[in-house]
Amino acid sequence: MGERKKVGLALSGGGARGLAHIGVLKVFEKNKIPIDFISGTSMGAFVGAIYSAEPNIKKLEKDFLDKPWKTSFDYNFLPSQGLIKGDKIEKWLEKQINDLEFKDLRIPLFVTAYDLRSKREIIFNKGDVSEAVRASISLPGIFVPVENKGRLLVDGGIVDPIPSEVLTKAGAEVVIVVNVNAVKEKEPIVGEVATKMRDSKNIPSILDTVSKSIQREGAVLAAYDLINKKIDLVINVYLEDVGTLEFDKIKKAICAGELAAKRSLDEIKKIIGENILESLVGKKTAENIEKIVKPIKDLSVSAGLSRVTGHVKEISKSKQLKKIIKPINKIGRKIKKTIKSQ
């Protein structure tokens with residue numbers, strides 16, 4: 001039966017759309033899909049950090065649903081550095097994770113940001129988690145950038161929308177990414193007539209315009225980013241009608257993530273090498289079978305056929321074997337019945 005493969009989960013950015021990651025994690029936890037590593041940028045880093053600190057999706061979802069998002073952002077009246085200071089959201093994160101450091105997390109986490117000064121991607125996996133996440137959510141023009149050790153850090157999604165490669169380097173044998181910026185491409189409109197007629201009443205606020213532009217840019221970057229990466233599975237979540245800062249649509253985002261993950265469930269189980277025997281007879285019986293089979297496999301490598309035969313005769317009389325015969329016979333009867341009915 002062997003050991004299962006180590007699984008890495010990469011979570012994209014996307015602002016309010018990133019709350020769909022909660023829905024994906026719900027499906028993973030409910031179906032006991034293992035997660036050995038998590039990487040994230042922007043909102044992916046935010047959700048990933050809280051889950052890595054305490055893998056309890058019910059609590060995480062409740063905390064996000066109960067959060068008064070309208071009062072969660074501290075806006076600058078004179079936005080020379082950014083429209084949002086980001087202090088409020090950082091303090092809330094600190095409280096959620098008890099101000100932990102990376103080494104204290106229950107699931108290894110990698111958080112990405114981008115240094116405007118050295119023009120290179122920065123990947124955090126040491127030190128203060130909330131500080132790293134605060135840097136990772138710094139959408140240029142929206143949030144005030146973060147200074148850290150001489151670096152000027154902004155959202156890592158501008159160069160690496162879904163940080164998956166770091167998971168492979170960390171030891172993940174299966175890499176699953178969640179892209180909440182997926183869009184259905186539309187054909188360009190050709191032959192449009194330009195006129196001088198304008199209606200300024202229908203022009204949205206600067207914040208709305210910037211967030212929608214970032215949303216579209218993020219979708220394009222994510223699509224290109226996934227082309228050349230070695231990824232086992234992409235879970236695409238389509239939330240085109242949820243703006244980057246539309247946190248009032250949290251329930252819709254979570255439901256969309258949950259639905260997308262459910263649709264990918266069979267494929268997920270297939271690529272991580274789900275123990276088929278365990279799913280048929282249960283964990284305890286599968287473990288009993290492994291205890292009997294393993295010595296035979298080991299002996300067949302180190303000894304001749306005669307010794308293997310003798311060992312099989314010996315264990316055939318054991319009580320341990322009798323414990324597993326009944327459920328195996330039951331499976332056999334089910335298979336036989338299925339074949340007859342076809």
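Helices (H or I, at least four residues) and strands (E, at least two) are DSSP runs, numbered from the N terminus. The model described here is predicted: local features need pLDDT of at least 70, side-chain atom pairs count only at pLDDT 80 or more, and totals for chains, interfaces and linings use all residues. Residues are numbered from 1 along each chain as its sequence is written, and side-chain values use heavy atoms, with hydrogens and water left out.

Serine 42, in the loop between β2 and α2, has a phi near 55°, a positive value in a residue other than glycine. Serine 42 is buried (under 20% relative accessible area; exposed is over 50%, partly exposed in between; 1.4 Å probe, protein chains only), with a relative accessible area of 5%. Lysine 32 is not a glycine either, and has a positive phi of about 55°. This lysine 32 is found in the loop between α1 and β2 (37–41) and counts as exposed at 72% relative accessibility.

Helix α2 (residues 43–53) is mostly covered, with 11 of its 11 residues buried. Among them are Met43, Phe46, Ile50 and Tyr51.

The cavities come next. A cavity is a set of points, on a 1 Å grid over the protein atoms alone, where a 1.4 Å probe fits but cannot get out; lining residues have an atom within 4 Å of a point. Grid points are joined across faces, edges and corners, and a volume is the space filled by probe spheres set on the points. There are two cavities of 30 Å³ or more. Lining residues are classed as nonpolar (Ala, Val, Leu, Ile, Met, Phe, Trp, Tyr, Cys and Pro), charged (Asp, Glu, Lys and Arg) or polar (the others, Gly among them).

| Cavity | Volume | Lining residues by class |
|---|---|---|
| Largest | about 120 Å³ | 10 nonpolar, three polar, no charged |

Of the 13 residues that line the largest cavity, Gly15, Met43, Ile137, Phe143 and Phe247 are the closest to its centre. The second largest cavity is lined by Ile50, Glu54, Asn56, Lys59, Leu60, Asp63 and Gln96. Helix α3 (residues 57–66) gives the most to this lining of the second largest cavity, three residues.

The axes of helix α1 (residues 20–30) and helix α8 (residues 250–263) come within 6 Å and cross at roughly 40°. That makes α1 oblique to α8; angles under 35 degrees count as roughly parallel, over 145 as roughly antiparallel, 65 to 115 as roughly perpendicular and the rest as oblique. Axes are lines fitted to C-alpha atoms, for helices over the stretch in contact, and angles run from 0 to 180 degrees between N-to-C directions.

Terms used: On a 1 Å grid over the protein atoms alone, a cavity is a set of points where a 1.4 Å probe fits but cannot get out, and a pocket is an open set with protein on both sides within 12 Å along at least five of seven lines; lining residues have an atom within 4 Å of a point.
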